[in-house]
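My entries follow the order in which I looked.

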There are 2 protein chains.
Amino acid sequence: MTEIASFATRGRGIADNLCARSRSAAEFLSEVRVTYMSEIRAVVYGVGAMNSIVAGMLLDKGVQIVGAIARSPQKVGQDLGELIGLGRRLGVAVSDDAAAVFEQTRPDIAVIAVNSYLTDAVEQLRICAEHGVNAVTLSEEMLYPWETSPELSGELDALAKSTGATLTGTGYQDTFWVNMVALLMGTAHRIDTVRGKASWNVDDFGPELATAQQVGRTVAEFDEWVRGAQRPPTFGRNVLDALVADTGLTVKSITTATRPDIASAAMRSEALGIDLAPGDVIGFTDIDRIETEEGPVFEFEMSGRVYGPGEGDINEWTIEGEPNLFLSNGTVPTQTTTCTQLVNRIPDVIAAPPGIVTVDKLPRLRYRPRF
Amino acid sequence: MTEIASFATRGRGIADNLCARSRSAAEFLSEVRVTYMSEIRAVVYGVGAMNSIVAGMLLDKGVQIVGAIARSPQKVGQDLGELIGLGRRLGVAVSDDAAAVFEQTRPDIAVIAVNSYLTDAVEQLRICAEHGVNAVTLSEEMLYPWETSPELSGELDALAKSTGATLTGTGYQDTFWVNMVALLMGTAHRIDTVRGKASWNVDDFGPELATAQQVGRTVAEFDEWVRGAQRPPTFGRNVLDALVADTGLTVKSITTATRPDIASAAMRSEALGIDLAPGDVIGFTDIDRIETEEGPVFEFEMSGRVYGPGEGDINEWTIEGEPNLFLSNGTVPTQTTTCTQLVNRIPDVIAAPPGIVTVDKLPRLRYRPRF
């Protein structure tokens, strides 16, 4: 970042503090910052399948990667460029000490691709917030965490506000399950039902998600797991929470039904490196449903499973009402668009006010050749 | 509108004037206004096919219609409710004196459904701007008029800013051709080409558009018309202008090719009340194309014609790049979603800053059961 931009970043903290007293000064500094921020400085937090793709995209967009954090002793100390197969050194050694990385680099943004559930991702988000570092995360619950983890969300939100950091959960669901659907809803005069149907290939997202998706279990094991109390909220629940919140309607009831997806022939899970026999669980489908006091019903059927030959990710939404409306994205490359949205949201998140800012509150995502 | 809301509306003018000196006071008044604006007061400007549907939607949303303007002597003096077939009187007499209606009613918004081209709609927009009345219009060029009518846009923009009015062109293209496509573009890492394909049924939009769309002409007449210099910019041109502007790319070249759509069997145009023979022109297809200095190409093929049996409106967009992306809305009810968006944009336009504010700059459209 140039010297002027560095001033402008410091200016942001000043601007935020000034807000209560004088908007003019705050706005002036904010404009200075936007005008001169020629290069965004990012820390890659987590160096797994997703952030390896993301790091390459960041470089393409002109983002400077100034730090990388990972827990695995096999990764710590390695050069990020070599570790992710970029074919060249980036001069960034992977560290397992997040606090030290943030203190030394003072980045504009941390790009977190570690865990799916807020309870798992909270450690990373908290350390970002403590250091006043803006963060985008693939944590699916962070898409709209207010209803499913209200206490944790409130705590992180307050912490982030106190240091001037913005925390946002994004990824595939940002556009395809929340903002594009909410936009389609905005073209309706009257909504009776909103029904979504989506699928994603478990094998695209590494072994952690494949295990969480129960790949390779027997149906009996699956049934026992479903009955257990340990299950975090479904990804679809946060999606529907965001959609309902966007309309201002009042939630009457929330239900989730789950059915296992079963292999009908021999298959292989590349993510887990195991063969699957007919009858094995290859993932599952959640059907989330929210009924509202005012009448409209929201339902989302999401299947995360190992695909057979010829299967692709779908995203289809139907609105019944006046008029009936439809949206399809054909076969969507879920993994790539998860990474692209984590990257493309960065300018919006840096510009957003401090605290947890969910994607439904950010400006409409747009394409930027470079940041 | 309640008394407090009425104060708040007056407060808006005060707030706008205060802007230059003190944002705090302006923002305070703006918040007062949003909080207490319990009922929006609208004037319906033009009482044809579209605004007859729109008026019913406005009433459903809780908007109070306080005036109606039309030129036709057959409409002037009639009660709006009876004229549009609502089956009840609204207590609103249609007037041909727009200035008098605005001075007497001082509405929050004028809903203009009169003409498609800015040069035709400018009279209505100017009178709204002169009276400080916010306006939404179906004028297609107003979707993004800066490139095709820069002088007129600049004049209207300055006038509206001087009186505190916001002027916005919306309709079907707001979501389906601009904001949903720009959102899809935002999920790309790299864009090579953006290609749209859409169609609409000329018979849905009344005789003016059917005539403008050359329905019933011979191919020779059509060719002569295409060669003529009188043709306004295509609807697609403004769409592509908005999409390219959203990316910050630099326009290198702009071309439009036009081909007639020809009846292959006997058909009937309901809008014009005429029969069409095989070989007659039933509308036409424009192919707009913008190349950019940086490389990405934007192309939009739009067909407005009389439909044969089983044909429906399509809206399909394909992005080639990293990754390839796709969007389809199946069979879209173009006419209804033109009206819904004219209505659903009203709260955004009332809340927007003064001047011409194009839809790509407004917040992401959302569904509101009532305003």
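Helices (H or I, at least four residues) and strands (E, at least two) are DSSP runs, numbered from the N terminus. I worked on a predicted model, where local features need pLDDT of at least 70, side-chain atom pairs count only at pLDDT 80 or more, and totals for chains, interfaces and linings use all residues. Residues are numbered from 1 along each chain as its sequence is written, chains are lettered from A and ligands numbered from 1 in the order in which they are written, and side-chain values use heavy atoms, with hydrogens and water left out.

**Entry 1: backbone**

I looked up Arg106(A) and found phi near 40 degrees, a positive value in a residue other than glycine. Arg106(A) sits in the loop between helix H5 (98-105) and strand S4 (109-112) of chain A.

Next I checked proline. The peptide bond between Glu322(A) and Pro323(A) is cis, with omega about -5 degrees. Pro323(A) lies in the loop that links strand S13 (314-322) to strand S14 (325-331) of chain A. In chain B, a cis peptide bond runs from Glu322(B) to Pro323(B), with omega near -10 degrees. I placed Pro323(B) in the loop between strand S13 (315-322) and strand S14 (325-328) of chain B.

**Entry 2: the chain contact**

I took contact as heavy atoms within 4.5 Å. Chain A brings 46 residues to the contact and chain B brings 44. About 3900 Å² is buried between the chains, and carbon and sulfur atoms give 60% of that. Buried area is the accessible area (1.4 Å probe) that two parts lose on being put together, summed over both. On the chain B side, His189(B), Arg364(B) and Tyr367(B) lose the most area to chain A, together 23% of what that side buries.

I counted 2 salt bridges between the chains. The criterion is a side-chain nitrogen of Lys or Arg within 4 Å of a carboxyl oxygen of Asp or Glu. Asp246(B) pairs with Arg364(A) in a salt bridge, the closest N and O atoms being 2.7 Å apart.

**Entry 3: H8 against H8**

How do H8(A) and H8(B) pack? Helix H8 (residues 172-185) of chain A and helix H8 (residues 172-185) of chain B have axes 11 Å apart, at an angle of about 165 degrees. That makes H8(A) roughly antiparallel to H8(B). Axes are lines fitted to C-alpha atoms, for helices over the stretch in contact, and angles run from 0 to 180 degrees between N-to-C directions. Angles under 35 degrees count as roughly parallel, over 145 as roughly antiparallel, 65 to 115 as roughly perpendicular and the rest as oblique.

Residues of H8(A) in the contact include Phe176(A), Met180(A) and Leu184(A), and those of H8(B) include Phe176(B), Met180(B) and Leu184(B). The contact of H8(A) with H8(B) has 8 nonpolar, 4 polar and no charged residues. Here Ala, Val, Leu, Ile, Met, Phe, Trp, Tyr, Cys and Pro count as nonpolar, Asp, Glu, Lys and Arg as charged, and the others, Gly among them, as polar.

**Entry 4: H8 and H11 in chain B**

I then followed H8(B) to helix H11 (residues 235-247) of chain B: their axes come within 10 Å and cross at roughly 30 degrees. H8(B) and H11(B) are therefore roughly parallel to each other. Trp177(B) and Val181(B) are among the H8(B) residues in this contact, and Leu243(B) and Asp246(B) among those of H11(B). The contact of H8(B) with H11(B) divides into 8 nonpolar, 2 polar and 1 charged.
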